[in-house]
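Please look through the sequence and the three-dimensional structure below before reading on.

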Amino acid sequence: MSDLHTELKQSIIQQLNLEDMEVSEIENDEHLFGDGLGLDSIDALELIVLLEKDYGIKLTDPNQGKEIFNSINSMADFIEKNRIR
Amino acid sequence: MSEELFITKSVIIRDSKIIKNGKPFFKADPDASLSEFLKTIYKEEHLKYPKFFKMDSLSKLVYLGVELLTEGNIPDKKTALVFANSVSSLETDEAYAGTMGEFPSPSLFVYTLPNIMLGEISIRHQLKSENIFLISEEFDPTIYLDYTKALFQQKKTDNVLCGWVNLHNNEYDVFLWQIARSGRTDFNEEELKKLYLPTHE
Amino acid sequence: MSRNYLLSDSIISPIGFSTEENLKAIRNSESALKFQNNSRFFKNGYFAGLINDLIIDERFGEIGNPTDYTKLEKLIILAIQQVLKTHPDLNIAQTGLVISTTKGNIDQLGKTQFPSDRLFLWKMAKIIADFFGFRMKPIVVSNACISGALAIKTANDFIETGKFSNAIVAAGDLVSEFVLSGFQSFQAISPEPCRPFSKDRQGVSLGEAAAAVLIGPDTSNSVDKIEYIDAITANDANHISGPSRTGEGLYQSISRLLQQNKVEASQINYLSAHGTATIYNDEMEAIAFHRAGLENVPVNSFKGYYGHTLGTSALIESILTKHSLLDNELFASHNFTESGTSKDLNVIENHQGKDLKIALKTASGFGGCNLAMLLKKESL
């Protein structure tokens, strides 16, 4: 697990107010939406903000979100390829 | 055409205290911050509702108040919600405005309407019922009396959950009560005022 | 129980400073939605229906001092003033005032031109009430985007319980940086003028407007009058910002309304929908309308003309529904291109005349709220 993976989990827990959740409780390949972590549409929008705020990535098409935010792995992949900071 | 209505239960959350049906129920550390206070009640009541942590303070206050008022159970899913306050969602509006400078936050923006708290109650208790949110300078019993009277007269509901839920400058004033067609306390201006401003400590 | 009617009304919008002017513009297929370049949140511009500040001040200058009132207060005052002008005999001491707004003077947040208590909706309402000398404390309805019609229901209910004998219902909301940035954070703003119910819809366009209507018993000799029958609200109990995928709350509002008033879906001649042009809202409405048996009823959204005017929208649309009934006129759902909902609707594509008697107005809003209202034309 890279620093980015851990960093993402920490950010998600903090940004999305996932109280009492530990980094160790989020699996890298766990579904973030639907079953799994059970995030909702507002959480998805906050993740879009997170991408820009922390990594300088501005999503041109919010519909890409579905694939990017599938899991911590897919998020980390996307960020590695597109990050500006 | 007059409809006899009764107050069946009430809850007040104010000054680090909770008063249930006119009697002191809980007293928290007055020096605790609002968010600490809210978390304390959540834990004391052994609640398990992860959505709680996403709510703004206003919705947290209402969620907790309704759990206390109803013991977590509202059997009549058509229980109407008639709520009011004086500052709308101003605290959250200001918090959201603080994010407008750089990255406007959708999870804050979603709470910048006072009726969102009614949505939160509805989701938690699965109420598909009449809702209204009104604004008045101070707690005004007549608004509730008139609006709920019409709801009952028009046979739109058999139960109403009323609330005055105000949060301004970290000062909270929560008064929730339930109305039904039978009960011990008459639903009128005098009784409401008595409950809202308890004289005992 | 004596019935209440929608009497005189006014609409103040980018396409007209009276109901007559607005009707003329709509008949002419004009839209308030224009390209704007004044927001730091939209570097490439955006579409919205904005009312020019100078025109507002010019009109307001005829009745009051423009510098003493905020933009929204001026708009709402102008709307009420038009209604009062047609009723010089109205006893304002006994007339109620019900105001609908979602964000009030939110454009004043962080500014010092006016005292900070103008941010309180009750204070804004009081300023407006005092301008005219209303004696009764104004009632303020702030329940997201159903407020405009919920205010009509509230006025009716308070007249029924005897709080007042008639009432002016007024509404107003602005296109502010606050709301623009918020909707943008929701990715909900369309890059082009909104296209309700269309396959190529991409979200909302915002708009600002004010409106007012007098509601109460009708003692006039009008040949035709528009009666407020009833309104029902119901929450989706699903999500605080996304509508229910099954249209549950809207369906419940409509079906309870029809059932309680013994009206069949087949008796509805016209359906004035909410139609904000987001993918989810319009889809939800189509599903709810189908569930309620309304799929063949001529339906439109007015948001292609005005954009989404938030707390004003349901009131403007109720007023336009009233005039549709009175004039036997169905207005085209502006900017509709091609059906884009999983359940087909009978969207009005061109202005047309039709005998109309009963109309259903619906609205939905953040917080999972929904409203359905019945208006009926009574002819002598």
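## Overall form of chain C

The secondary structure of chain C comprises ten helices and 16 strands, where helices (H or I, at least four residues) and strands (E, at least two) are DSSP runs numbered from the N terminus. The radius of gyration of chain C, taken over C-alpha atoms, is 19 Å, close to the 21 Å that the globule rule gives for 380 residues, so chain C is as compact as a globular protein of that length; the rule itself is 2.2 Å times the number of residues to the power 0.38. Along its principal axes, the C-alpha trace of chain C spans about 55 × 50 × 40 Å.

This is a predicted model, in which local features need pLDDT of at least 70 and side-chain atom pairs count only at pLDDT 80 or more, while totals for chains, interfaces and linings use all residues. Residues are numbered from 1 along each chain as its sequence is written, and chains are lettered from A and ligands numbered from 1 in the order in which they are written.

## Burial and the nonpolar core

Of the 380 residues in chain C, 61% are buried; a residue is buried if 20 or more other C-beta atoms lie within 10 Å of its own, exposed if 12 or fewer, and partly exposed in between, with C-beta atoms placed from the backbone. A nonpolar core is a set of buried Ala, Val, Leu, Ile, Met, Phe, Trp, Tyr and Cys residues joined through C-beta atoms within 7 Å. The largest such core has 211 residues, of which C:Val169, C:Ala211 and C:Ile215 touch the most other members. Because domain 1 (4-216) and domain 2 (224-379) of chain C both give residues to this core, it lies between them; the domain bounds come from an automatic or database domain assignment.

Not counting residues up to four places away in sequence, the residues that C:Val169 touches include C:Val98, C:Ala151 and C:Leu315, contact being defined by C-beta atoms, placed from the backbone, that lie within 7 Å.

## A three-stranded sheet

In chain C, three strands form an open sheet in the order E2-E3-E7, with mixed pairing; two strands pair if DSSP finds at least two bridges between them. Its edge strands, E2 (34-36) and E7 (206-207) of chain C, each pair on one side only. E2(C) and strand E3 (residues 46-49) of chain C pair in the antiparallel sense over three bridges, and the bridge partner of C:Lys34 in E3(C) is C:Ala48.

## A loop residue

C:Gln94 is found in the loop between helix H3 (71-85) and strand E4 (95-100) of chain C. C:Gln94 is partly exposed, because 13 other C-beta atoms lie within 10 Å. Leaving aside its neighbours within four places in sequence, C:Gln94 is in contact with C:Phe164 and C:Ser165.

## Where chains meet

The contact between chains B and C takes 41 residues from chain B and 42 residues from chain C. H5(B) gives the most to the side of chain B that touches chain C, with six residues. That side divides into 22 nonpolar, eleven polar and eight charged residues, where Ala, Val, Leu, Ile, Met, Phe, Trp, Tyr, Cys and Pro count as nonpolar, Asp, Glu, Lys and Arg as charged, and the others, Gly among them, as polar. Two bridges join E5(B) to strand E5 (residues 139-141) of chain C, and these strands run antiparallel; in E5(C), the bridge partner of B:Leu134 is C:Val141.

Five residues of chain A are in contact with six residues of chain C.

Definitions and conventions:
Contact = placed C-beta atoms within 7 Å.
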